[in-house]
Each structure stands twice: as C-alpha cells, then as structure tokens.
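Visitor: I have not looked at this one before. Can you walk me through its backbone?
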Amino acid sequence: MDNKLIFPEGFWWGSATSGPQSEGSFNKPHESIFDYWYKIEPEAFFDKVGPRITSNFYNSYKEDLAMLKEIGLNSFRTSIQWTRLIKDLETGEPDEDGVRFYNAVIDETISNGIIPVMNLHHFDLPIELYEKYGGWESKHVVKLFVRFAETAFKLFGDRVKYWTTFNEPIVIVEGQYLYEFHYPKVVDGKKAMQVLYNVNLASASVIKRFRELGLQEQGGKIGIILNLTPAYPRSDSDEDIEASRIADAFFNASFLDPAVKGSFPEKLVELLKMDGVLWESTVEEDRVINEGTVDFLGVNYYQPRRVKAKEAGSLDDRGWMPDKYFDNYDMPGKRMNPYRGWEIYPKAMYDIAINIRDNYDNIPWFISENGMGVQGEEKYVNEEGIIEDDYRIEFFKEHLQYLHQGISEGSNCFGYHTWTPIDCWSWTNAYKNRYGFIAVDLKTKNKTIKKSGRWIKEVSENNGFYKLSQDK
Ligand code: BGP
C-alpha cells in the first residue's frame, strides 16, 4: 500500500507570526496594550523580556523572508499593527514610516514567491483606546477599527489578496475580561459578553467595508482566524455532554457561527438572556453581523478542551462567568506538552475538519496555526549547530495525518500554517518556549534553520510526506 499522503493541488505550506511578536516596537507612533503592560509590570513577562525588540523583523525582514523561501514556504501570515500603521487613531490617517515598512514587507514577500496573508488585529489594541474609551467595550472603537482597516485595504489591497480581521478574538474576551491573562485583566462576565459582541461586530463591519471598497472584485478574500478548541465531554452522560455543548457555544461557536452563518448560537443567546448578561445591540448592528460573513476561515489548533458537568460546590465568587455551566476536566493519562502545559491531541484536526464540512457549509478553510513550543532547545543542537527537533516533526506529521483524513473525506481545507517560521516572542512567555522552523539566538541575533525547517521544505516540494509507520 502506498504510504504517501498527498495534499490537494496548490495547498498552502506556510507559517504564521504577528507584528507585535516579531517586528519589535521600533518607530511605532503608538503603544499597544502589551507595550504598556510591559512598561508597568515587566515581571509579568518571562525573564522580564518585553516586546521592544522581539525578533527584530522590522530591521531584518529581508533576510528573514529569504529564509522563509529557503525552507520552501509558499505562504506566510503576519499582522499589520494598528499602532504602527496609523498615525491618527480617530481619522485612520496613516503614519509614513508604517506605510513604508508594510509596503516593503508585502513587496518582499511577493518577490520571494510567497503569498502574503495579512491580519489586522492580534491582541494589540492601542493603549490610548483602552484608556479613553474602554477598548473593545466601546462601539466607538469598533468604528475606529474600521477606519484602520480601510486605510490598510486602500494602501495594500492591490497586492494583498488574503486578509483576516482578527486572530483568536475569543482570547480578547478570555484574557482581558474573564481569566486575567492579558492586560487589563478585568474580571467581569457582563463586560466580557459585550466585548464578545463588539468584536464580532468589528469583524463583520470590516468585511462589509472590504466589499463596499470593491476588493472582492479585484480578487481579494477576507476571513477570520479562530482558535477552535473542540470541547470533549468526560463521559457520554447527558450532563457531561450538555456541559461540553455549552462550553463549545461559549468558546467556539460564539465567533464561528456569526463569522460563517451571520448569527449567534441560539443556545448562547438564550443562556445570556436568562442570566441577565446579554449584550446591548441594535437591529442595524445585528444586520451588519448577518451580512458580514467570511469568505474563508483560518483555524488555529493547539489543544482540545475537556469538560465535565458542573460539580456542586464548585461555583466561585467571581460573579457571573461562563464556567457557571461546566467544569474543566483534568483527564487522567492525557498526553501533554509539558513546556506549554497544553494537551496534545492530534485527532481533533479530523474532528474540526468534519465539523466544518457538516455544520459550516464546508466553507474553504485552512489551518492557520498549529505548533509545539519547547523550552531549552539548545540541548538538541548537533555537531553542525543544527537543532534536531524530531519531536516537532513528529507532532506536525501526526496532526497532518488527521487533517489529511478529513480532507480525503471531503473537508474543504486548502492549507496548513504552523506557528511560527522564526522563533518569536510569546506574550507573557516571551522567549521561554520556541516554536520556529528557524532558531534565533537572542544575544547574537543569529538565525539557523532547525531540522524541522529542512523537513517542511521537502514536504512543501512534494506536497506531502510519507506516513508515520504506525498510527498514534
Ligand atoms: C496562539 C496565538 C499566537 C501564539 C501561539 C502560541 O494562541 O495566536 O500569538 O503566541 O498561540 O502560544 P504561546 O505564545 O502562548 O505559547
């Protein structure tokens, strides 16, 4: 039997990063919430390494993009930082150096034969907009985001054909308004649900503007990047299954349904109404969400969510929280990435593929992030100075095998992007865990291709690879 897995023609073999995690904050006219947070609380970041320099992409984009070409990538996602491109946040007037920089990055990407995918928001709200208006709590900020997007479309839409509005918008809700892992670390369920609505509205409004500007007619496509964490119940009891459905409605369908179907899951709206925490919205805004559906979907997948029915006595004093309806389940024996503390469960790739095929109109989609962050990779360096990251190659292969199975059963997946091409800054984890095909020495700034970088080149050239000998 032929052991080779071949992917559909024209498949994207690529990798993703974001502006705030790779560029460094050189010459930006504004600070993001992360620039600000680091300034006031540097100890919140691993080894107190902040977003000032990151991987120096602002200065080294030419060499970096040449390396991406060298490892065979045919597509690359990064983000345009609102705090770099826009000089006047109210009017959307661009900053000259920001325009020069993103023009140069886009042109250089294309001249290396790589398709640029440009995202507009990767957790990097300008801090002024939080201080003045409460950030995503405010509908005025939604309008300002549309102005920023419009500026980007007008400047770069002639060359960039794949756009995405947000990266992992649910993380804004979770990190900033529920579970305190991103500044401003507010714990307020009602505000969180308003933010959830406003960010959906912002995405749909930008999509509407994209179409009004005629970018679709010029061959442009616009989507959103969602981190889908399928919720698996502890058991097949009705209570556990119901808990997993609710968790799924809060953390997956709350963006997936509006993005693809134009409306929120009924179950979610019903619960929020019952609990008195439903967002404020107008009929006109609902209409924008209804019409502003995506052309394609990007799916970031790292880990599943394991859920069990709420146990008596496990309610807490944080006020209303989605966790009212489920408990997270710490499944015994689960396979872990010990550095990041995330479960490794490759089969979810297949489940996601089939869910999109069957419940989301089989919309065109791609894996926009998948990866394994590992600490202390220097210990895997061989005599030639190459990091032998076989664990990462195996991780990718296992996930790709399940993705391939989903595709062969008809799921409309057109690509696979890993996180990330070149080791980059990981928010509060800074440079603790490395994900790249290319290693960065933080002291010398030297970049070297890891074994996985050589592997992906072959995969991309062959549009596939030989299966692992035994299925895991
Ligand atoms: C995703 C984000 C990325 C990236 C990645 C790895 O959720 O979109 O920005 O950081 O996760 O996670 P981390 O950096 O937290 O290890």
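Visitor: Where is Pro184 placed?
Guide: Pro184 is in the loop between α8 (169–177) and α9 (189–212). Helices (H or I, at least four residues) and strands (E, at least two) are DSSP runs, numbered from the N terminus.
Visitor: And where does all this come from?
Guide: This is a predicted model, where local features need pLDDT of at least 70, side-chain atom pairs count only at pLDDT 80 or more, and totals for chains, interfaces and linings use all residues. Residues are numbered from 1 along each chain as its sequence is written, and side-chain values use heavy atoms, with hydrogens and water left out.
Visitor: Back to the proline. Is the peptide bond from Tyr183 to Pro184 cis or trans?
Guide: The bond from Tyr183 to Pro184 is cis, and its omega is near 10°.
Visitor: What about the bond from Trp419 to Thr420, cis or trans?
Guide: That bond is cis, with omega near 15°. Thr420 sits in the loop between β17 (413–419) and β18 (433–434).
Visitor: Why point these out?
Guide: Because most peptide bonds are trans, and most residues other than glycine have a negative phi.
Visitor: On phi, then: is that of Thr54 positive or negative?
Guide: Positive, about 40°, although Thr54 is not a glycine. Thr54 lies in the loop between α2 (33–40) and α3 (57–70).
Visitor: Is Thr54 buried or exposed?
Guide: Thr54 counts as buried because its relative accessibility is 7%. Buried means under 20% relative accessible area, exposed over 50%, partly exposed in between (1.4 Å probe, protein chains only).
Visitor: And what is phi for Trp427?
Guide: Phi of Trp427 is near 50°, a positive value. Trp427 is in the loop between β17 and β18, and at 11% relative accessibility Trp427 counts as buried.
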